[in-house]
Amino acid sequence: MSNTPMAANPLTRAVLEIDEYASGLGWDQPARLFALVDTARLRTEEPALATQLGLEEEPEAAGLTPIEQDEIPADRPLDEFLGTIAWPDAVAGCALTVQRLMLPPSAESQVPQGLSEQKLAAWVAEHPERQEVRMTVAVLRDGARESALRLREKDSPTEVLTGPDLVPGLAEALAATFED
């Protein structure tokens, strides 16, 4: 993607590329799952697919190519769906982009105790300090992790936060898709 900033490592570049892609689709989108494949291996083993994806013009440097998977079922909880995934050996990693509402740490003391998950979600949705965030989280088979967070109110590529530990629970769930 032409507007993706150059990052220090291939995993960060892949996460930022997926974030840019999701940004181009706009907000209020469903979660999206991506396989991450080694670009050089893809060119060698699947040249027709590499050409279809426009990878023949890419520099030869090490990289990861995100390939969007089928739509995630809207009628299943995300954690339950992730528990059903098994990746073929050719997949080096995976990534997920999902939107959620979050509250600032200052609101934690206001959260009512004993609410069901559904009632808690409704309470957060009505909170005046809620913020909508798009999270893109990626993991590799070797354990490497990266995340990008974009707030709806600061919807700009220069405002995207990145780091390996921004969404640890989601990273754990994605990493579990590679366990035997």
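How many salt bridges does the count come to? The count comes to eight, where a salt bridge is a side-chain nitrogen of Lys or Arg within 4 Å of a carboxyl oxygen of Asp or Glu.

Before I turn to them, a word on the basis. This is a predicted model, in which local features need pLDDT of at least 70 and side-chain atom pairs count only at pLDDT 80 or more, while totals for chains, interfaces and linings use all residues. Residues are numbered from 1 along each chain as its sequence is written, and side-chain values use heavy atoms, with hydrogens and water left out.

R41 and E45 form a salt bridge with an N to O distance of 3.0 Å. Both residues belong to helix α2, residues 39-45, and stand four residues apart, about one turn of the helix. Helices here are DSSP runs of H or I with at least four residues, strands are runs of E with at least two, and both are numbered from the N terminus. R41 is partly exposed at 35% relative accessible area, and E45 is partly exposed at 47%. On this scale, buried means under 20% relative accessible area, exposed means over 50%, and partly exposed lies in between, for a 1.4 Å probe and protein chains only.

Next, R152 and E132 form a salt bridge whose closest N and O atoms are 2.6 Å apart. R152 sits in the loop between β5 and β6 (161-163) and E132 in strand β4, so the pair ties together parts 20 residues apart in sequence. R152 is partly exposed, at 34%.

A further salt bridge, 2.8 Å from N to O, joins E172 and R145. This pair links distant parts of the chain, helix α6 for E172 and strand β5 for R145, 27 residues apart. There is also a network of salt bridges linking D19, R150 and D155.

Let me stay with helix α6, residues 168-176, where L170, A171 and L174 are buried. Viewed down the axis of α6, the buried residues fall within an arc of 100°, so they line one face of the helix; the arc is taken from the directions from the helix axis to the C-beta atoms. Their cover includes β1 (32-38), α4 (78-82), β3 (93-102), β4 (131-140) and β5 (145-151).

Of these strands, β3 has seven of its ten residues buried. β3 pairs in the antiparallel sense with β1 over five bridges and with β4 over ten bridges, pairing being assigned if DSSP finds at least two bridges between two strands. C94 of β3 is the bridge partner of A35, and V139 in β4 is the bridge partner of C94.

Now to strand β5, and to E146 within it. Which side chain of opposite charge is nearest to E146? It is R13, 10 Å away, and E146 is buried yet has no salt bridge; Lys and Arg count as positive and Asp and Glu as negative, with His and the chain ends not counted. The side chain of E146 does make a polar contact of 2.7 Å with that of T12. A polar contact is a pair of N or O atoms within 3.5 Å; within protein, one must be able to donate a hydrogen and the other to accept it, and residues adjacent in sequence count only if both atoms are side-chain atoms.

How values were computed
Contact = heavy atoms within 4.5 Å.
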